[in-house]
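Okay, thanks for coming, everyone. Let me put something up on the screen and then talk you through it.

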There are 2 protein chains.
Amino acid sequence: MATEYKTQKGQDFDRAAFESLVKRKNFYWQSFEPHGAVKGLFDYGHPLATLEAEFLTIWRDHFVRKERMQELKCAMITPYNVFKASGHVEKFADFMCKDPKSGEILRTDHLIKDVLEARLKSDKEARGEKLEDSSEADAKKKKKKVKAGAVVATKLDDAVREKYEFLLATLDDYTGPDMGALIKEHDIRNPVTGNEVEPPVPVNLMFATQIGATGKEPAFLRPETAQGQFLSFQHLVEYNDNKMPFASASVGYSFRNELSPRSGLLRVREFLMAEIEHYVDPESGKKHPKFKQVRDVKLPLLSRSIQSEGGSQPAHVSIGEAVDSKLVDNETLGYFLVRIALFMERIGVDAGKLRFRQHMQNEMAHYAADCWDCELLTSYGWIECVGCADRSAFDLTVHSEATGVPLHVREVLKEPLRIQEWDAQLDKKKAGPKFKKDASKVQAALDKLDQDFREKLSLTLDKEGKIEIDVPDMETPKIELDKDIVKISKETRTVSTREYVPNVIEPSFGIGRILYSLMEHAYWTREDDVARSVMSFKPTVAPIKVLLVPLQKDVRLMPLVEEIEEKLDERHLSYDTDTSGVSIGKRYSRNDELGIPCGITVDYESLEDGTFTLRDRDSTKQVRAKLDDILDAVESMVKGKETFSDVQKRLPAYEGKEEKEEEAKAA
Amino acid sequence: MATEYKTQKGQDFDRAAFESLVKRKNFYWQSFEPHGAVKGLFDYGHPLATLEAEFLTIWRDHFVRKERMQELKCAMITPYNVFKASGHVEKFADFMCKDPKSGEILRTDHLIKDVLEARLKSDKEARGEKLEDSSEADAKKKKKKVKAGAVVATKLDDAVREKYEFLLATLDDYTGPDMGALIKEHDIRNPVTGNEVEPPVPVNLMFATQIGATGKEPAFLRPETAQGQFLSFQHLVEYNDNKMPFASASVGYSFRNELSPRSGLLRVREFLMAEIEHYVDPESGKKHPKFKQVRDVKLPLLSRSIQSEGGSQPAHVSIGEAVDSKLVDNETLGYFLVRIALFMERIGVDAGKLRFRQHMQNEMAHYAADCWDCELLTSYGWIECVGCADRSAFDLTVHSEATGVPLHVREVLKEPLRIQEWDAQLDKKKAGPKFKKDASKVQAALDKLDQDFREKLSLTLDKEGKIEIDVPDMETPKIELDKDIVKISKETRTVSTREYVPNVIEPSFGIGRILYSLMEHAYWTREDDVARSVMSFKPTVAPIKVLLVPLQKDVRLMPLVEEIEEKLDERHLSYDTDTSGVSIGKRYSRNDELGIPCGITVDYESLEDGTFTLRDRDSTKQVRAKLDDILDAVESMVKGKETFSDVQKRLPAYEGKEEKEEEAKAA
């Protein structure tokens, strides 16, 4: 897409400058650098580690506390059997092709996509068409690049071009062998070496390890936190006194052994997630008790139908309308989309860079009813940051089947129900002597028959005097039963409880991706000087709240600095004191890059009259007041109760000559 | 030790009753139960997960914010080379013995200890001695047990008894082969099967995995968070503008592949740690700038000398005295001991169940200068919860040596220093033609020579006109240099910076162990009814802050309940509402088990006059006031500004007849 990514001030986003700031200010770096950095593993320095802690505090407040969820934390090291049952052993894999000469391992879908897209691009060049949306200058630049790379623009037949376009649009539907066939048919090679590649093989993306030293307990690092929550379901529902619906939530690490990680923090090998599992009665219509409170909230929804018509502009629709029209499958899913949007607003995500994109049918798991991703726009394009899926009863069912342990809700019915059912019983006195120890197997086989089949058998028994059933574990698996040894009849019984496996709606947050997007959204540069960058984190999430600067390096100012430090401590406000010798403008500037929202200056007037200036990072405006008023204002902004505009209304503005001059000099 | 563990009210601690509460109230359980629970892996349910989150908020406030540390988070998956350099590949292992018949794997030191202790016990029995500190009843019980187990009490020779006692006291000093010899000499067998065991072999306790699919990137799950911090040292010190001292801190998971985990949460396979690495200039005397603020704080110190005299009672000494007398090695270590004690007090650890125990010489790593553990008393005995060690410059040095990457501080000297040094230089014009491409290797070999050796060589050169040096990489590793090709002279140069590897003082918190101890310290039972248990968590850390109970299940009370729920939400206070049909006394009782500190009752007087009662969990006393006053009191207690006693002083007491009656009935 040629739409250039812009900062919040509408400036062209300079990723190199942004990355330089992020590195300079220790937001993050690749892990284990001295031993040779490992791809896909990152360390967070103080600013980003603290931003993450603030994020989690707000997340817990917004979801766990406010929605009265049960928080839980589950083990990361997970026995093999758990992921065998969940399907991850079989399906959590990417297809890979090996370049046999270079040893390089390529993700098959990426390989096909990269090669076909390059051919289409080359075709356009050859046909002299202007690239979609690109400016003259862009086109020239690209042409030059192509020449430099010595790739000759090659025209394609119309039929071939259409075929490629169709393949790219439907690639997600292809199996490994399908992709293998494609590679042969279209002579797709490693674009770097030009070598042919080996056929695609699935490579599981879980990190394998083993528990203990016996070698008998293979295990994986979990690729999602969800399975631990599902396996704890009986604990959760009992804690909730069997009341439904309710949700569990877990903040924890997951792991994905990416074979060729790229895009910095966006695709990493270990990552923090926050996953909510909301359990509902499938017969409740998935209503949500608080849906009426959010009905009128409008969300940017990029529906399946807009996408299939090739559109990329979301419609702004109220969630009430969206659920009424079945665009969003149910109230619970709709309620969570709103809560997610409100959370993003609360932490300072740019509302213009957020949309909810519905999954296309072929993107969803076979069992999913509906799925919406909250996507944030970054310089890498739209990034999936929260997945919000309806997982139906799939997971609880497969674990229950694999282990024989019930994972369900037992609802006490308000009125007992009388139900009629076909019952098939062996006559124990006769069956015992005939089948001996196998009698219970025969009865078990009868118990497994469904109602329709039992009814059919009862007719056969009436007509022919005997029936035949399968009893798998016996020597002769077909067993004949005549009417004096088995009785099939319609019985009435009273039922006072109902057992059901709940459906699960799962909002799943990728925290690293959100934090990265938030950093890009917060970044801009001063209009008068692109070298002066600012990270506009909201005071509520900013890693450090206060910058304390004495006007000059002067011992007379230090007692006041220490007094303020003590008072900030008493209020539990984090601060940095910058007493270095450089100009005050430079000191403000370099701390704007850390996103410190409030600056308190100690100057010579402070010595005389006990007043201090408070500087706003974003506007660089200042107010001046007594210390306690300044600190009250800071605390109020940090708690999200006031903005600097509010503070400006009640505290007098200040145009300090020295600071202004200094700041101008630094610019 | 026969000292029975008591609750905070001096009651005998009933571990079975405590564990039943912990299970019933979902504090924690073994992970993956439906698939067969895995030993050493635990899930935390809502109460404990929330307690942990509160713990971390306070920890970050108490250490990271207050001490202005740099928080960072490092990857858990760690390449092989990192732990090769740190020594973990070689040394992070336990010696194990296999029982070849049963296949059981036993930790060698535990095996020896268990067997020798059993023999000593049996000896005491046989000699009819009363067991140390045990009551008559205890002794009888034990005798019975011995008989039931059909173990015949066996008397030992005095020499053997003394030998055993000596072995037990010094076992930590034994290597694997030493222990193997001991096992043969004293015929130590698997006490369960009576089988002889195989000789001890070291088994590494790190979980192994691999990065990517090539098999070329072996890795481990880290067993401590420290190494990632050390490897980030250059980032940290630059962020700190090269100022010293400073600290980094990291909260994260570590892993230990225990072969036979036991003792519940106290010895687990994955665990959350909080580790601080405080970097100091080794030439600074490890002074701490804030030490004077804590000088007079008294701590219970169990020194090495008390221990070696067989004592177990700590001395209560002011940290100032302790550092002055060198009992505690330095100010920085002392400062952290105080901060740890204050933190434990802040989260509600029982001060009478805390002590600092100094490591014996043989317990410490060879490089450590001093080490103190903060231990908490539990029903399992004294448990190491925080280790506070001086790691010297060990880790930074080994990584720097293994990688060639400097991990040091570059201090700009206030006054440049003039230093005299022996300099050894090849004459380049002559060396080039003679050694060709190897000339630089010869110069490098000269550069590596230390000052003393250079001085010696200069004398030889003067006397004999030539010297001989080793140049490892050359064909002939011994190289002769005569005086017209090499010059060795004393040169004076000016030095304006000093480079040094800092020493590291490391307080390391085992969070699961502290949380477990805190739960035991919080637990007690009502005097009038042992079935009514209470978890007395401080309001600041309690997982849920408010219990809201309508007096009866009556729709008329519900609008008030909902109004309070909204107001609690506005104040970001967590709550549970218990509207079940059981008596109010029962409802209070069962929520006391969760440790909810504040109970708000909605009754018929509330409907009339808008007043509500506030009940204190610990005393069951109540006050009554208007809603906003009640909520102000709750908020004030939750923030740690007031206790219930303070609230009682300003709000009127209430003796509600209904509640009192109900509560009495429930008892």
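Predicted model: local features only at pLDDT ≥ 70, side-chain atom pairs only at ≥ 80, totals over all residues.

When you want to say how big an interface is, you often quote the accessible area lost when the parts come together. In terms of contacts, 83 residues of chain A touch 83 residues of chain B.

How are the two copies arranged? Chain A can be laid on chain B by a turn of 179 degrees with a shift of 0.1 Å along the axis, and the RMSD is 0.5 Å. That's what a two-fold axis does. If you want to find the axis on the screen, look for Thr209(A), whose C-alpha comes closest of the chain A residues, at 2.6 Å. And 100% of the interface residues of chain A are interface residues in chain B too, so the copies meet through the same surface.

What holds charges together across that surface? There are 6 salt bridges between chain A and chain B. One of them pairs Lys73(A) with Glu52(B), at 2.6 Å from N to O. The rule also finds 36 residue pairs in polar contact across the interface. Helix 2 of chain A, residues 46-65, gives the most to the chain A side, with 10 residues. By class, that side has 41 nonpolar, 22 polar and 20 charged residues.

Take Glu375(A) and Arg357(A), with their closest N and O atoms 2.9 Å apart. Glu375(A) is in strand 15 and Arg357(A) in strand 14, so this pair ties together parts that are 18 residues apart in sequence. Buried or exposed, these two? Both are buried.

Compare that with a pair in chain B: Lys287(B) and Glu331(B) form a salt bridge at 4.0 Å. Lys287(B) sits in the loop between strand 11 and helix 11, while Glu331(B) is in helix 14, 44 residues apart. Lys287(B) counts as exposed at 52% relative accessibility, whereas Glu331(B), at 16%, counts as buried.

Last one: salt bridges with shared partners join Asp94(A), Arg107(A), Asp109(A), Arg256(A), Glu258(A) and Arg267(A) into one network. That's it from me.

Notes
Residues numbered from 1 in each chain as written. Chains lettered and ligands numbered in written order. Heavy atoms only, no water. Contact = heavy atoms within 4.5 Å. Salt bridge = Lys/Arg side-chain N within 4 Å of Asp/Glu carboxyl O. Polar contact = N/O pair within 3.5 Å; in protein donor to acceptor, adjacent residues only side chain to side chain. Helix = DSSP H or I, 4+ residues; strand = E, 2+ residues; numbered from the N terminus. Nonpolar A, V, L, I, M, F, W, Y, C, P; charged D, E, K, R; others polar. Least-squares fit on C-alpha atoms with pLDDT ≥ 70 in both. Buried < 20%, exposed > 50% of the residue type's maximum accessible area, 1.4 Å probe, protein only.
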